[in-house]
Amino acid sequence: MKKLKTIVLLCVVLLGGMALVGCQDYETYGDKKAKEREAISRFISQKKIKVIDENTFKAQGETTDTTANEYVYLNRNGVYMQIRRKGCGDKLEEGKAVNVMCRFLEYNILADSMLIRNDIPFYIYSNYLGMVVDCSQYVDQMNVVRSGTTFTASFLAGGMMYMYHSTTTSVPTGWLVPLNYINLGRPDNDGDETAKVRLIVPHSQGTADASSSVYPCFYEVSYERAR
């Protein structure tokens, strides 16, 4: 009997220890958000980014000085944005739906790793497709509608974002933030350029994957109005 009690006691202690370890390993949503903030701060420091506020941004004609590596911090959504090029053409018209072609790179700041890109010939092995893919062939297109300062969009099938992120049509909200400040045209004439931005996007404004796993991303995205 005494031996049985000893075994039971040892089991209780062992289970208690396992529960304690499990509790110590568990991360709350608050813990994950704190790690995200730390990762963003570290990225800004490492990349020598100069953060300006929205008042300074407006005073500069809604531009960022790329020679000083300026990014504006947008309080409403927590996105950091650098406008590399305003782009040719005009801003998206009110109430009009247009298709916009995007080339981009997506970098996981928390994991310090490139996720996907289609802005250059870049080969990956895709388990989903079961072959090596030249990502540059898969330009993402999103259908965008403007209502005031609000934009809604969905990806069309066939792009890299669509394929990589589980064939979802959901566009990261962070990708729509620049549309209030850039032009959407096509470079048909000499000197014309597509709009291009760099973004630091918190999980709440990112993809469904980023949102569920709580990680921030760095993006470089170009925008071109489709024909």
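How many cavities of 30 Å³ or more does the structure hold? The structure holds one. The model is predicted: local features need pLDDT of at least 70, side-chain atom pairs count only at pLDDT 80 or more, and totals for chains, interfaces and linings use all residues. Residues are numbered from 1 along each chain as its sequence is written, and side-chain values use heavy atoms, with hydrogens and water left out.

The protein contains six helices and 11 strands. These are DSSP runs numbered from the N terminus, with helices (H or I) of at least four residues and strands (E) of at least two. Of the 227 residues, 41% are buried. Buried means under 20% relative accessible area, exposed means over 50%, and partly exposed lies in between (1.4 Å probe, protein chains only). The protein exposes about 12600 Å², and carbon and sulfur atoms supply 52% of that area. Accessible areas come from the Shrake-Rupley method with a 1.4 Å probe; for residues, only the protein chains shown count as cover. Among contacts (heavy atoms within 4.5 Å) between residues at least 6 apart in sequence, 60% join residues at least 24 apart.

The largest cavity has a volume of about 40 Å³. A cavity is a set of points, on a 1 Å grid over the protein atoms alone, where a 1.4 Å probe fits but cannot get out; a pocket is an open set with protein on both sides within 12 Å along at least five of seven lines; lining residues have an atom within 4 Å of a point. Grid points are joined across faces, edges and corners, and a volume is the space filled by probe spheres set on the points. Phe155, Met161, His165, Thr168, Ser170, Pro172, Thr207 and Ala208 line the largest cavity. Four of these are nonpolar, four are polar and none is charged. Here Ala, Val, Leu, Ile, Met, Phe, Trp, Tyr, Cys and Pro count as nonpolar, Asp, Glu, Lys and Arg as charged, and the others, Gly among them, as polar.

Thr207 sits in the loop between β10 (195-201) and α6 (208-213). Thr207 counts as buried because its relative accessibility is 6%. Not counting residues up to four places away in sequence, Thr207 touches Glu106, Met161, His165, Pro172, Tyr215 and Tyr219. Met161 is 46 residues from Thr207 along the chain, with 9.2 Å between their C-alpha atoms.

The largest pocket has a volume of about 290 Å³. Its lining comprises 13 residues, with Arg76, Asn77, Thr149, Val177 and Asn180 nearest the centre. β9 (150-155) and α5 (173-176) are the elements that give two or more residues to this lining. By class, the pocket lining has five nonpolar, six polar and two charged residues.

Strand β8 (residues 140-147) runs antiparallel to β9, joined by six bridges. Strands pair if DSSP finds at least two bridges between them. Val144 has Ala153 of β9 as its bridge partner. Two residues separate β8 and β9 in their hairpin, and Gly148 in the turn has a positive phi of about 70 degrees. Strands β4 (residues 97-108) and β5 (residues 113-117) also pair in the antiparallel sense, over four bridges. Leu105 has Arg117 of β5 as its bridge partner. This hairpin has four residues between the strands, and Asp112 takes a positive phi near 55 degrees.

Most residues other than glycine have a negative phi. Lys48, not a glycine, has a positive phi of about 55 degrees. Lys48 lies in the loop between α2 (29-46) and β1 (50-52) and is exposed, with a relative accessible area of 67%.
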